[in-house]
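Please read them with the structure open beside you.

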Amino acid sequence: MSILSSLVGESSLYREITASDLEVQQMTDQPHTNDLMQRLDELDHQAIAEIKSSQTDEELDQVRVKYLSKKGKVTAILRSLGSVDPEIRPQVGARANELRKKIEESIEQRKAEILQQKLERERSAFDPTVPPRRVPMGSLHPITIVRRELEDIFRGMGFTVVDGPELETDYYNFEALNTPSTHPARDMQDTYWINDTLLLRTQTSACQVRAMEKYGAPLRVIAPGRCFRNEDVDASHENTFFQLEGLLVDRNVSIANLIYVMKTMLSEVFRSDVTVRLRPGYFPFVEPGFELDIQCLICSGKGCPTCKKSGWVELVPCGMVHPNVLRYGGVDPEEFSGFAFGLGLTRLVMMKYGISDIRVLNSGDLRSLSQFGILDARSS
Amino acid sequence: MKLSLNWLRDYVDIDDKTTELLPDLLTMSTAEVEAVEHKGADVQGVVAGRITSVSPHPGSGTLKVIQVDIGSDVVQSVCGAPNVRAGMMVAFAPCGSSLPGFKRVTASEIAGVTSYGMACSQRELGIGDAHEGVLELTDECKPGDNVADLLKLRDTVIEIDNKSLTHRPDLWGHYGFAREIAALTGRPLRQLQMSPLEELTSKDVAVPVAIDDTEKCFRYCALGIDGIDTRQSPGWLQTRLAYVGMRPINFIVDLTNYVMLELGQPMHAFDSRMIQAVRVMTFGQVKAKGYPGTTFKTLDGVERRMPDSALMICNGYHPVAIAGIMGGENSEVEPSTTAILLESATFDATSVRRTAIALGLRTEASMRFEKSLDTNLALTATRRFLYLVKQVIPTASIYSGLADVEPRPTRPIWLSIDSDYVCRYAGTKIPPERVEGILTSLGFTVNRKDAGKESEGKICWDVQVPTYRATKDVTLPVDLIEEIARVYGYDNITPRSIAVTLSPVHQDEHIELHYRVKQTLSTAFGMNEIHTYSWYDKDWNKEIGHKDDNVLTIVNPGISKNDTLRRHLVPNLLAAVAKNEGYFDDFRLFEIGSVYHPLPQGSKSDAFDEKAIRSGDAFRIEDVHVCCIVHWKGRSDKQEDEAFDLLKQAAWAICRQMRNRTADFEIMDEKLHPEAGLSWIHPVKRCAVSSCGVALGYITVINPKLLDKFVQGANMAIMDLNLTAFNKVPMGVPVFKEPPRYPRVSLDFSLLVDVSRPYKALLNELREFSHPLLESISYVDTYTGTGLPQGKKSVTVAMTIGSSDHTLSSQEIDDFSDAFISWLADRGITLR
């Protein structure tokens with residue numbers, strides 16, 4: 001089987017329904033003039049009656065075939081004119097042609113009537129306002145919608161979108177991120193352990209060294225995905241949530257570059273020119289490490305309940321990639337530098353849609369989750 | 001951690017303007033300020049008062065009537081505190097004065113006696129929780145003195161987020177913050193007042209120190225001080241401790257806490273009667289020396305089961321404290337104590353952390369040791385303690401000179417940086433003088449190197465990291481960048497676009513493909529995406545009869561029924577169905593998510609080949625599946641068949657989306673498809689899905705046995721496909737073929753076959769028929785109604801025929817029909 005036919009498979013794309021064989025009518029007798037005229041009158045009578053009684057285009061078409069096709073009854077008379085007495089031939093010919101025209105016109109007229117009747121019926125009965133019978137009310141999870149939007153923004157900025165396993169190793173999740181088992185920073189994250197080696201990743205930062213191993217430097221990647229932390233679930237805490245990690249490694253990357261990229265990216269995300277500020281933050285895999293705040297979009301920095309009156313909202317932990325992490329990724333810190341950031345995807349979704357209870361996202365409750373549609377709907 | 005501005009002012013000038021700016025300044029350059037609290041301004045008119053007489057209340061057995069001399073007057077007050085006595089000096093709030101929160105004190109009648117003010121407890125003054133009795137003023141004062149001034153109640157307290165101090169052991173005390181503030185404001189840092197070292201070493205060592213485990217104890221300083229007592233601390237000291245969250249106990253204990261809160265160095269005072277020779281060893285070593293039992297009672301009265309690795313402070317071989325965490329009840333300072341052995345030591349951060357976690361006991365001390373302390377601080381703190389104790393108790397003197405054992409001293413680190421590196425990394429020009437100024441103000445020693453002819457404008461430095469920053473935090477040149485940039489101010493760095501070489505951007509295709517599958521399911525198939533947890537709910541699995549023994553287990557689940565990782569998406573989706581069916585009759589759910597397989601056989605879980613995982617093979621224990629469930633109300637065959645067909649269409653669409661391929665549907669056989677045994681799989685109405693011979697999953701009507709777990713009359717069909725398995729399906733690359741020039745003819749044939757014969761088997765047989773005109777065979781429909789022979793069904797197929805060089809004549813068409821019919825007859829297949 002060819003590939004094309006395997007593509008279309010057993011569909012009906014190429015099924016040609018040929019018309020069934022036409023009825024072949026043989027007219028063998030040689031008619032007399034009077035007979036002919038009389039026969040034409042008969043045909044006239046019959047045809048018009050049949051046209052008038054026709055209720056559909058198909059019936060009319062059968063009438064046309066019966067009288068006017070190559071093998072039709074009127075056509076047969078016209079064809080036989082050669083054998084007719086030359087004296088009366090014009091008279092018969094004229095009559096036959098006249099009949100042919102009459103039938104054609106009658107059919108057209110009847111066709112128009114039928115259409116008119118149909119339209120009349122429809123005009124009174126057709127209701128264009130009823131909804132479709134099965135409304136396709138499918139929806140995407142809001143995480144999917146916002147994640148996709150972010151991926152698009154970063155792809156547009158030349159980033160590769162990668163992912164990594166949720167079942168991670170201690171090595172990628174901690175050790176290669178400059179967080180050995182003795183490090184106090186491990187206390188900051190409550191980890192679900194499978195055994196001494198395997199864990200459910202606590203951060204998408206676990207993708208950093210994987211990405212460097214796979215793509216080398218220079219590189220620009222983002223890694224969105226599901227993360228896990230062992231904590232009690234309440235309205236603002238979840239043990240299962242989404243992050244989006246970003247990593248950019250190149251020659252001479254500076255703190256000034258980090259601020260620029262974060263500002264540009266966040267302005268895209270929020271579709272307005274955001275004001276950002278960096279302040280010190282501590283994460284073992286970056287040096288220096290920052291907390292990036294954006295000026296509160298609700299009060300424009302004047303102070304409101306959302307920003308706890310500070311005018312700023314803590315949004316993105318980030319920093320310059322620690323030289324040890326570059327080394328773990330096989331990248332020479334003498335030649336390359338870079339920055340990394342972690343966007344709280346779940347948090348962003350909650351901000352964007354005004355969801356105040358984080359548990360909605362993993363509830364599976366369609367009353368909530370079907371509200372977000374299938375695309376990132378922008379208000380204007 | 002809380003900071004008292006009064007305390008900080010001991011070391012650096014902080015004027016009113018700086019007080020206002022300080023929270024922002026610290027947040028932007030040092031550590032996050034969580035809260036600012038102004039204290040004491042609301043305590044007005046409270047004065048020192050001497051109780052001149054105490055008499056019983058005529059109307060109450062517990063209350064007393066006291067007369068208080070407040071300098072200007074003697075006032076009457078009703079008081080319920082048990083500790084009032086004549087001659088006592090108290091903080092008295094007369095009528096018209098105000099207490100914290102600007103609570104106004106007024107005259108009131110209590111059980112028939114008018115009270116013109118009140119004698120205050122600590123809590124009433126806002127300096128701690130003590131409320132059992134009134135506060136006794138022990139500091140030198142006279143009636144009428146202002147208590148707010150006497151107790152230094154006016155202060156500003158700044159609360160710092162501990163998380164932002166994880167890497168800064170030097171900031172776990174006020175002096176470290178004073179140093180930061182001095183650097184940030186360009187003001188001088190005042191020296192710490194300490195006793196001279198010679199004073200500490202002037203006496204012979206009476207209490208020797210031995211360290212058995214030098215891996216866990218870096219330094220141990222012990223100093224014996226006598227001539228002391230356990231009096232109450234001076235008021236100002238109590239106020240400071242209370243404001244930063246520490247409960248005042250007695251002067252000696254308070255002072256160990258005070259020095260810790262000042263310098264970040266935890267200290268401990270043992271009652272000298274209980275310790276004659278210090279030995280530092282692990283609990284395991286103690287046991288080996290004959291210690292009976294496995295527990296140790298800490299000074300909070302709790303008997304704790306000790307891990308062998310815990311480091312203990314012992315009197316000989318008898319434990320008296322858990323190193324770096326908490327002292328023992330057997331050696332704590334008591335009211336009768338007149339001499340102490342003062343411990344100031346440095347313990348290994350990891351060891352303290354592990355023991356604290358094992359004991360579930362995190363203390364102010366252990367939190368500090370966990371950050372890796374500078375060993376030099378141990379001696380500094382001892383000298384500071386001696387200085388302060390003598391300020392308050394002049395009779396204090398040394399009975400046992402400084403015993404100091406330091407197996408692992410902290411040494412300064414030297415780092416080399418240059419001005420180009422600083423500017424390149426920061427992305428802005430920072431003047432060299434500024435770099436030098438910042439580092440110097442933070443306590444770094446900066447030596448400009450003779451750059452010689454190296455290059456124009458570039459300045460090289462050798463930088464010595466002070467020991468209090470050199471334990472972990474600052475060890476690399478890049479760590480100096482942080483110091484320079486944060487004090488210089490991140491706000492002063494202008495954002496700059498990045499200069500990069502253009503190169504193609506590669507994408508991991510499956511991320512895009514999975515998204516497209518979601519799009520298709522939600523738009524074309526009207527399905528709603530949900531997320532469920534990555535672990536099973538064992539209770540629910542039991543409900544639906546799903547037994548999964550061979551699963552990965554979480555060692556430390558939050559909730560025990562959630563300790564196994566899912567190998568199938570279906571159970572959690574069925575749980576979501578159960579949640580939703582109360583609100584909706586017809587709905588379709590789907591999830592795309594990971595499932596987790598058990599470790600490969602033969603690999604012991606703890607010896608799992610990490611290298612194999614690192615090389616990316618970890619994906620083999622984690623696959624991404626898509627699972628769809630169609631739910632409706634009603635039990636008709638037609639509904640089941642429609643739902644089944646809908647899922648087949650979805651499978652088909654997914655195969656096209658993922659690999660430009662079609663889907664194959666096969667009978668699901670127990671031997672070939674182990675999933676057939678899953679509890680939700682229908683015994684009959686099910687099929688296996690594959691593409692290009694790669695098994696992908698299955699479609700099934702839900703097993704009717706499970707239906708009683710759902711609302712009455714509900715029914716479901718389920719599809720589960722392994723999206724990761726598509727990696728093995730080759731991409732269907734289209735090759736263009738000219739459309740036929742001459743018309744094709746499609747001939748329908750209705751064949752009578754056994755009711756049990758699958759279409760796939762029939763088709764395979766029909767494909768054996770070869771004819772030069774035959775192009776394809778396609779399915780039209782199956783009829784099982786009346787008018788058929790017993791045990792037969794009628795399957796209609798369409799045979800498409802044509803020629804590449806002419807239009808078929810009716811004769812050719814007839815000949816084809818005849819040939820096919822006679823071929824069928826040979827095989828015993830008759831036409832309907």
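1. The loop of chain A between helix H8 (207-215) and strand E5 (219-228) contains Pro218(A), and the peptide bond that joins Ala217(A) to Pro218(A) is cis, with omega about -5°. Helices (H or I, at least four residues) and strands (E, at least two) are DSSP runs, numbered from the N terminus. A further cis peptide bond runs from Glu287(A) to Pro288(A), with omega near -5°, and Pro288(A) has its place in strand E8 (residues 286-295) of chain A.

2. This is a predicted model, in which local features need pLDDT of at least 70 and side-chain atom pairs count only at pLDDT 80 or more, whereas totals for chains, interfaces and linings use all residues. Residues are numbered from 1 along each chain as its sequence is written, while chains are lettered from A and ligands numbered from 1 in the order in which they are written.

3. Lys309(A) counts as exposed because it has 11 C-beta neighbours inside 10 Å; a residue is buried if 20 or more other C-beta atoms, placed from the backbone, lie within 10 Å of its own, exposed if 12 or fewer, and partly exposed in between.

4. In chain B, Asn660(B) also has a positive phi, near 55°, and lies in the loop between helix H20 (637-659) and strand E30 (664-666). With 15 other C-beta atoms within 10 Å, Asn660(B) is partly exposed.

5. Between the chains, 79 residues of chain A are in contact (C-beta atoms, placed from the backbone, within 7 Å) with 94 residues of chain B. Helix H9 (residues 255-270) of chain A gives the most to the side of chain A that touches chain B, namely seven residues.

6. Leaving out residues up to four places away in sequence, Met262(A) touches Val276(A), Leu292(A), Val316(A), Cys318(A) and Phe341(A).

Technical notes
Contact = placed C-beta atoms within 7 Å.
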